[in-house]
Amino acid sequence: MVTHHIPSTLEETLKLLETNLYQVMCGGTDLMVQSRSWANTVPKLVKPLVFISQLSELNFIEETPDYIEIGSVTSYETLLNSSLVPKVLKDTIIEIAAPGIRHVGTLGGNIANASPAADAVCTLIALDAIVEIMSSNSIRTEKICDFIIGVKKTTLKPNEIIRSIKIPNVEHDYANFYKVGGRKADAISKVSLCVLCNVKDNIITKFRIAFGAVGPKVASNIKTDELFVGKTIDEIKNNIDDYTKKYASLITPIDDQRSTKEYRHKVALNMIKAFIETL
Amino acid sequence: MKDMMYAKTIRSKIVKGTIKSITIPPLPEGYFTVSREDILSKNIVKIIFEDMPYYSTGEINHLNEPIMLVVGSDMEIIKQIVDEIKIEYSEENGVFDESQKTIAYHFKKGNPKRAFKNAEKVIEMTYHTGLQEQAYIEPQGFIVYEEDEKVTLIGSIQCPYYVKNAVVYALGCSSDQVRVIQAAVGGAFGGKEEYPSLIACQLAVAVKKVHKPIKLIFEREEDILSTTKRHPSRITLKAAINELNNVTSISADIAIDGGAYTGLSSVVLSRAMIAVSGAYTFENLEVLGHVIKTNTVPNGAFRGFGAPQMFFAIEMFMHHIAKETHQDSFAFRMRHIARQGDKTSTSGTFRDPILLEDLIRVATEKSKYHSKALAYSQPGIYKGIGMSIFLHGCGFTGSGESTHIKAQVKLLKTKDGLVHILVAAVDMGQGIKTTLPKIVSQILEIPIERCIFNYPDTDNVPDSGPTVASRTIMIVGGLVARAAKELKENWIDNLEQIVTKRYVQPSYIKYDESKFKGDAYPAYSWGVSVVEVSVDPITYQTKILNVVSAYDVGKEIDERIIQGQAEGGIVQGIAYGYLENMSANKGVIKQKNLTDYIIPTTLDVSKMSTYILDNPYQYGPFGAKGAGELTLIGGAPAVALAIQMAINKNITKIPVTPEYVMELMHDDD
Ligand SMILES: Cc1cc2nc3c(=O)[nH]c(=O)nc-3n(C[C@H](O)[C@H](O)[C@H](O)COP(=O)(O)OP(=O)(O)OC[C@H]3O[C@@H](n4cnc5c(N)ncnc54)[C@H](O)[C@@H]3O)c2cc1C
C-alpha cells in the first residue's frame, strides 16, 4: 500500500523527506502530466507524494531592502495580484498557461521541474534570483542559474525542498519578457527571452539576457552581457548585428515537435535586435 | 453497468513488418486477450474499400496498428498484463513517398489537349497540404454488451448504421442481432465517421468471447497516434492561358496520402478531383488523381472531405496566374467565376441561381477588401488581406445518395400527439436536435416541445444515412419535411400514425461515377471568406486581424446554428491554413497530444462577421442546403493569401507556420 502525505507543517514535511522516499508535489501541473496513466487508474508516480501546497509557511510574498522574497508554494494567481512582485515577472506569469493552471501552478514547481522552456525560470535567471533550499537540518542558497544544471536536473537533494525565491530588489529601466509559443495562450514556449537593461546618460550600465527553450537549460551568460556594459547606445545600435551575434553561441536549440532549431536561433537573435532598437 | 469489463488495446511498435511471436503471460481468471484468432467471420472493417483489418493479421502496416485487446474487470491488472505482453517483430522499411498507388482516377472535360496546344502561355505550380487532426471533443470510445445473442454498442459515433453494418459483417450474423445506440457526441468533424467501426468490430468479437459488458475509451494520445486524419496532398496544377489572359484549361495531378489502409480515401479523392475548378468555370479540364499508400496511420473523413486541399491549391494558383500574367487578381478571378448555366467540372450543369457576385460584393465591402489590399501591397507593412471563393457540393458525391445510401426517415405520431423524428442522423453539436424538430414543428404547426428527437438507436430508427457530407439538413431534413407535410394532410387526432419517406433522386440528376460525368451533386452551397492578418517580422507569427464571410446555404433553418457552424468552420479552416501543424517522420507522428498539436483558442481568432444570403433550393426543407463543411473550406486559402500579401512571397504549402514564413522571408539572404 502506497501512502501519500499531506503534512500540515514545514517541519513535518522536512522530516518525511529525510527518509528519501518521497517526492513533493505542489500544484501538480507538471508532475501530474508527467505521471499520467490510463484514465481512472493510478498515476505512474516514481515515489509516493508529500503534498506541500497547503503549507502556509511557504506561502508568502515579502519585501526586504535587498530582496523580494516569494514562498515556493505561492500560486501564480497570487503573484499576479501582488503589488510587490516585479512587473517583468508578472508579465511573464500572465503568459504561462491559462487561468486554471495559474490558480495552482507555482514558481517552486517551475524551477524544480527545470524545463528549458520554463517561462518563469527564464525571467528569474535574468533577474539573478536566488533559491533558498531547506532540509530538516540545513538551509542553503544558490543562484538559480547554478541550481538548475540541465534538462530536468537541479542540485536539489531528495531530502530538500525549495523554501523561497529571492529576487534582488533593483530597478530596471527596461525589463521585458518575450514569449513565442505555438498560439496566444496555453502554449509551451518555442523560444522565450527576458532582457533587463539600465541606461545612464546614454551609456548602458546593466545588460542581462536569459533565453528559454534554446538549449538544455535556460541560457544566460554574464560575460556576454557585460560586453554591452559601458557602451553607448549609439555604439551598440551602429553595430547592432555584431552585438546581437555575440549571443549566437549561447543559443543551441534543437529540432522537435514544436519548432526547428533554425527558427529558434533566428527568432532569439531577432528579439535581441528588436529590443536594442527600442533603446 | 453491472459487471463492467474494461479493454485496452495492444498496438504495434513498428511501422512496417510482420509479427514473429506474441508472448502472453498466464492470465488471471476473468482476464482475456482478444485477437484475430477469436474472429467469428471476417477480419475486415466494412468501409468503401475493404482492406483494413480490425485485428492485425500479423502483417504490420503502420505504427500503433491494433493487434489485440486485453479485457478484464480491474484496470490496474489490465495495465500489468499489457506491460507483460511481449511481441517480437521482423521489421521492414516503410514506404513514405508516392511510389505505391492504390487508386487511380482520371477524367476530362472538353478538349484540354487542344487548349494547351493553343495556349499563349502555360503556368505550372505544385502545392502541398499537411495532416490535420480532428481534435474532436472526446476521444473514441464504446460500451458493448450482449443480451441473449444480441450485441448492443453504445458509442461516440456519427454513423450508427455504418457501425451496425460493419459489425454485422464482422460477426457474420443477421442484422437483427446488432444494435447501435449513439451516446452524446461532441463535435466530431468526420473523425467519428468510419473509424468507430473498427473499434466496434473489435469489441463485438470481444463481447462474444467474454460475455460481459466491455468499455473501451481511448486515451487522447492513443487516439491522436492511431486514428484517421485529414489526407495530406500534393497537387500539381497547370493552366493554359490564352491571348486574353484567360484560363482555357487546367490540368491537375493530385495525390492524396491514404496512409496504410485505403478506407474512404477513394471518395475523398473524388471530391478533391471534382473540386478542381474551385468556384470557377474552366472550359477544359484534365484531372488525374491517385491515392497513395504509405506506412502511416490511415487517413479518413474530415470536414470538407478532400475539398479543402483542392480549394487551397486552386485559389493560390488563380492568384499566382494573375500575378504571372501581370493582371489584377480580383478582376481576373471575377472573369472566371461560375455562373448559372455553366458546366461544372464534371460537365454537369449549375442549374440553380448562383449568388457569387453578391456574396463577393458583401464580403469585400464589409471587409474593405479593396482599399486594404491596395494599402497592404506596399512593402514593410507586413499586413495582408486574402479572399477565397468556394463552393461545396451538398450530399454524397455522384449518385451515392440514390445508389449507396437510399435514405429513409420515419415520423411517428403517438396517440397523445407527440411526433417522434426517427432518423439515424446524430446531433454532435451541429444542432440537428434543434433544427429537425424546428422543421417538423413549423410544418405541422405544433409547438416544438411536441417534436421529439432522441439520440438514434438502430432498433428504433430507419437508416437515413450517415451524418456526413453536409447532407443532414438538405437530404434527411428534406425527407423529414416531406414526411411532416404528409402527416399534416392525414393528421387524425388521438391516433397513432407513422409516415415513412425514402430518398428519390431528382430526376434531372444523372451521374456516371466511372467517367466522372454529369451532376456530381444535386446542389451547391457557396461562400466567400476574407481574412486579414499581420505578420510579425521578428517572430514570423501571423495574427488574425479580421474575418468576414458571406454564404449561400439556401435558407437558414436556425440563424444561431448557422452562425455557430460559420464561426467554428472558418476557425478550423484558418487554423488548417496557418496554425495546426502535424507531421510524421517515417511513419511516426510527431505531435502526439494537444500540448504539441496546437489548435486555436479564442485568443487566436479575431472578430468574425458572417453574412447569409438566401437562395432557396427547391428540394431542401424551406430551401435549406448544406452548411456543415462549406464554412471550413475557404479558411486556409484566405489566410494563406493574406500571409502571402503580407510577406510578398509565394506560398505553396499549408500550414503556413512561422517556421515556413521565416524560410520564405529569408529565401534570398
Ligand atoms: C496546460 C498547461 C500549460 C502550461 N503552460 C506553461 C507555460 O506556458 N509556461 C511554463 O513555464 N510552464 C507551463 N506549464 C507547466 C507548469 O504549469 C509550470 O511549470 C508550473 O510552474 C509548475 O508548478 P507546480 O506547482 O504545478 O509544480 P508540480 O507539478 O507540483 O511540481 C513540479 C516538479 O517540481 C517539484 N517541486 C514542486 N515544488 C517544489 C518545491 N517547493 N521544492 C522542491 N521541489 C518542488 C516536484 O517534485 C516536481 O518534480 C503548463 C502546464 C500545463 C498543464
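**Chat about a ligand site and a chain contact**

Q: Which backbone has an N or O atom 2.8 Å from an oxygen atom of the ligand?
A: That is the backbone of Leu31(A), one of whose N or O atoms lies 2.8 Å from an oxygen atom of the ligand, a polar contact here being a pair of N or O atoms within 3.5 Å; within protein, one must be able to donate a hydrogen and the other to accept it, and residues adjacent in sequence count only if both atoms are side-chain atoms. This is a predicted model, in which local features need pLDDT of at least 70 and side-chain atom pairs count only at pLDDT 80 or more, while totals for chains, interfaces and linings use all residues. Residues are numbered from 1 along each chain as its sequence is written, chains are lettered from A and ligands numbered from 1 in the order in which they are written, and side-chain values use heavy atoms, with hydrogens and water left out.

Q: And what does Ser72(A) do with the ligand?
A: An N or O atom in the side chain of Ser72(A) is 3.2 Å from a nitrogen atom of the ligand, and a polar backbone atom of Ala187(A) is 3.3 Å from an oxygen atom of the ligand.

Q: How much of the ligand does the protein cover?
A: On its own the ligand has 970 Å² of accessible area, and the protein covers 89% of that (Shrake-Rupley method with a 1.4 Å probe; for residues, only the protein chains shown count as cover).

Q: How many residues surround it, the ligand?
A: There are 32, with Val24(A), Thr29(A), Asp30(A), Tyr76(A) and Thr106(A) the closest, where near means that a heavy atom of the residue lies within 4 Å. The largest share of this shell, 5 residues, comes from H6(A) (helices, H or I, have at least four residues and strands, E, at least two, as DSSP runs numbered from the N terminus).

Q: Switching topic, how many residues of chain A and chain B are in contact?
A: 27 residues of chain A are in contact with 34 of chain B, contact meaning heavy atoms within 4.5 Å.

Q: What area is buried there, between chain A and chain B?
A: About 2,500 Å², with carbon and sulfur atoms giving 57%; buried area is the accessible area (1.4 Å probe) that two parts lose on being put together, summed over both. On the side of chain A, Trp38(A), Arg183(A) and Lys184(A) lose the most area to chain B, together 33% of what that side buries.

Q: How many salt bridges are there between the chains?
A: The count is 3, each being a side-chain nitrogen of Lys or Arg within 4 Å of a carboxyl oxygen of Asp or Glu, and one of them joins Lys190(A) and Glu659(B) at 3.0 Å, N to O.
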